[in-house]
Amino acid sequence: MNTIQGEILWVDDEIDSLKSQILFLKNKGYEVTPLSNGHDALELLKEKTVDVVMLDESMPGLTGLETLARIKEMHPNLPVVMVTKNEAENIMEEAIGGQITDYLIKPVNPNQVLLSLKKIMDTKRLVSEKTTTAYQQDFRNLFMALSSNPNHEEWKELYRKLVYWELEMARSDSDEMMEVLQSQKSEANTEFFKFVSKNYANWVKKTATDAPLLSHELFKRKVAPHLEQGKPTFLVVIDNLRFDQWKMLQPIMQESFRPVEEDMFYSILPTATQYARNALFAGMLPVDIEAKFPNEWKNDDEEGGKNLFEETFLRYQMKQLKLDHLKTQYIKITNNENGKLLEDNIHNCLNNDLTVIVYNFVDMLSHARTEMEVLKELAGDEVSYRSLTVSWFEHSPLYRALKKIADKNIQVMVTTDHGTVRVKTPSKCVGDRATTTNLRYKHGKNLQYEAKDVLAFRNPQDAALPKPNVSSTFIFAKEDVFLCYPNNYNHYVNYYRNTFQHGGISLEEMLVPVVRMVSK
């Protein structure tokens, strides 16, 4: 029996006249699905993946070019071969502009078709093989880097490379190599957890001679130096934006803006909005925010919103940095109506020296349902999480607003509060009623936990965190661990496994992007 050479979808309104060609391809080992119109083809492609589409140019109803445009919206990388009676150049130019991979002129002879398919399939295979070979060569370097006790800058470089390969592998469909890469990534996270555990207390106490850029110094070091009166700057803080997600958004942003600097910083612990984002705006660590703003700071176990005073904190920091003469506006987007308002009024923001836009992207996806449910349904793994981010961004009022002002002389900075990690490994944890519910970090009295799975601070002040009460302990989960209570344990384990969470210690949560771009 022939092994399947590839799945072909052949769309032609005279499909019955192509029986001999289709039979020829089947004998050569190709699976061929024949359809007679564009509408059926689009329906099929929602359900089924194919390797190549053979598409007739002149069909009644939905034309070949219209079908092509719709296919490319759904599957930008799917190869399409246009089959046409028409040698008119403008048709071919349109088709080539619409990203066809090849074209054939009717009447097509079977060998021509076979040649075209082989060329496409081999290119796909060669790209995959080339990616695999290049990664295999780099694998040793990554392995060496991992075992040579990297410092905080080298960790950024290592993670940058892992993300690069992850995106390349996703493009080339190489499952075996993706597995190798994933195990290398989890090994990296094991080492990264040890690295953070050993150094974190020194970083926040400023006793380390060589500390990374942390959340609370981000504004002072990466934003403030580039602010000037009369030159509008937009600081866009997108919640939960991982570095790999940024790398997917980057080409879209680069259509309108030119990148000047791309870097990463380390989110503070816990990698959760109320800590990391408040620190970013206040320019202080949580323990200092609580001391300076006792009424505005809320601990996990207290009632009320935890991020209601970001603007107050920002204005305080601007004053400390002697930047309070700059005209500054703070805008928070938590739903689509806010987003539309931003889009409609974005030109008014050009009168500001600094416009800060906080965009709760995960909230925006979830609407009325919990973030959890939405991400469980739509993003079962990294690849779909990334593509969800891209389609959200491309259709977001945020992107439309930025495009509206891209022709003005502005700079745009994009950053985040922290990332997220897909959790897979449950770990039992017991606490009293007041213990926090987050799955990646907890604080409370009398916590019992698996010591090997967490970094624990018996005195929260060692981690520059407020002490909600005398005997509070903070624990942070490592790698892909999530903390579950023993009661109803199996239910929670199954419910939360493979969901995206934050609060703990992983490359994905802690090493996050900060990017500066200017108008082209």
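Trainee: Let's start with tyrosine 266: does its relative accessibility make it buried or exposed?
Mentor: Happy to start there, and keep in mind that this is a predicted model. Tyrosine 266 sits in strand 7, which spans residues 257–266. Its relative accessibility is 1%, and the cut-off for a buried residue is under 20%. Tyrosine 266 therefore counts as buried.

Trainee: Which residues does tyrosine 266 touch, and how far in space is it from serine 215, C-alpha to C-alpha?
Mentor: Leaving out residues up to four places away in sequence, tyrosine 266 touches a list of residues including His152, Trp155, Phe192, Trp203, Ser215 and Met510. Serine 215 is 51 residues away from tyrosine 266 in sequence. C-alpha to C-alpha, the two are apart in space by 6.5 Å.

Trainee: Now to threonine 33: which side chain does its side chain join in a polar contact?
Mentor: Threonine 33 belongs to strand 2, residues 30–35, and is buried, with a relative accessible area of 18%. Not counting residues up to four places away in sequence, it touches Ile8, Leu9, Trp10, Leu44 and Lys48. The polar contact, at 3.5 Å, is with the side chain of lysine 48.

Trainee: Which strands do bridges join to strand 10, and in which sense do they run, parallel or antiparallel?
Mentor: Strand 6 (residues 233–238) is joined to strand 10 by 5 bridges, and phenylalanine 234 has valine 412 as its bridge partner. Strand 19 (residues 511–519) is also joined by 5 bridges, with threonine 415 standing opposite valine 514. The senses are parallel for strand 6 and antiparallel for strand 19.

Trainee: In the open sheet of 3 strands, which are the edge strands?
Mentor: The order is 14-12-17, with mixed pairing. Strand 12 (residues 425–430) pairs with strand 14 in the antiparallel sense over 2 bridges, and glutamine 448 is the bridge partner of valine 430. An edge strand here pairs on one side only, which applies to strand 14 (448–449) and strand 17 (481–484).

Trainee: Which helix packs on that sheet, and about what angle does its direction make with that of strand 17?
Mentor: The helix covers residues 489–496 and touches strand 12 and strand 17. It is helix 18, and its direction makes an angle with that of strand 17 of about 145 degrees.

Methods
Residues numbered from 1 in each chain as written. Predicted model: local features only at pLDDT ≥ 70, side-chain atom pairs only at ≥ 80, totals over all residues. Heavy atoms only, no water. Pairing = 2+ DSSP bridges. Helix = DSSP H or I, 4+ residues; strand = E, 2+ residues; numbered from the N terminus. Contact = heavy atoms within 4.5 Å. Axes fitted to C-alpha atoms, helices over the stretch in contact; angles between N-to-C directions. Buried < 20%, exposed > 50% of the residue type's maximum accessible area, 1.4 Å probe, protein only. Polar contact = N/O pair within 3.5 Å; in protein donor to acceptor, adjacent residues only side chain to side chain.
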